[in-house]
Amino acid sequence: QVQLVESGGGLVQTGDSLRLSCKAPEPTFTNYNMGWFRQAPGKEREFVAAWRFNPYYADDSVKDRFTISRDTAKNTMYLQMNSLKPEDTGVYYCAAGPYASRAANGYNSWGRGTQVTVSA
């Protein structure tokens with residue numbers, strides 16, 4: 001397992017934007033699939049987006065509002081979230097795994113998470 005550190009969460013209003021960051025050590029950053037998951041209260045952790053050789057997303061509703069990107073010079077992955085909705089509220093986790101996957105069990109390293117709260 002490797003240490004992943006998320007940052008950038010906060011309390012925002014509906015329609016606002018946030019950018020989450022996840023810093024990972026080399027060689028994890030370039031050699032692994034890295035993704036974002038979120039977990040709302042009382043719900044299971046769900047896939048949001050990830051990057052292996054290209055970005056991929058959970059579904060079109062996420063893809064239309066969220067953008068995953070990477071800065072290889074900083075070993076940092078980002079999740080730009082626009083037009084936030086109350087249903088986006090949850091703890092957002094950064095994760096790393098050996099292969100491209102939308103399943104949580106496809107990842108073997110997790111950050112501690114950062115809270116995102118979107119008020120109505």
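Q: What does the secondary structure of the protein chain come to in this predicted model?
A: The protein chain of this predicted model holds two helices and 11 strands. Read from the N terminus, the elements follow the order β-β-β-α-β-β-β-α-β-β-β-β-β.

Q: What makes the protein chain as compact as a globular protein of its length?
A: The globule rule gives 14 Å for 120 residues, and the radius of gyration of the protein chain is 13 Å, close to that value; therefore the chain is as compact as a globular protein of that length. The C-alpha trace spans about 40 × 30 × 25 Å along its principal axes.

Q: Why is the pair C22 and C94 called a disulfide?
A: A disulfide requires two cysteine sulfur atoms within 2.5 Å. The sulfur atoms of C22 and C94 are 1.9 Å apart, so the pair meets this cut-off. A search of the whole structure finds one disulfide.

Q: What parts of the chain does the pair C22 and C94 tie together?
A: C22 belongs to strand β3 (residues 18-23) and C94 to strand β9 (residues 90-97), so the pair links parts that are 72 residues apart in sequence.

Q: Why is the disulfide of C22 and C94 called left-handed?
A: The torsion about its S-S bond is about -70°, and the disulfide is therefore left-handed.

Q: Are C22 and C94 buried or exposed?
A: Both C22 and C94 are buried, which means that each has under 20% relative accessible area. Across the protein chain, buried residues make up 42% of the 120 residues.

Note on methods:
Residues numbered from 1 in each chain as written. Predicted model: local features only at pLDDT ≥ 70, side-chain atom pairs only at ≥ 80, totals over all residues. Heavy atoms only, no water. Helix = DSSP H or I, 4+ residues; strand = E, 2+ residues; numbered from the N terminus. Rg over C-alpha atoms; globule rule 2.2 N^0.38 Å. Buried < 20%, exposed > 50% of the residue type's maximum accessible area, 1.4 Å probe, protein only.
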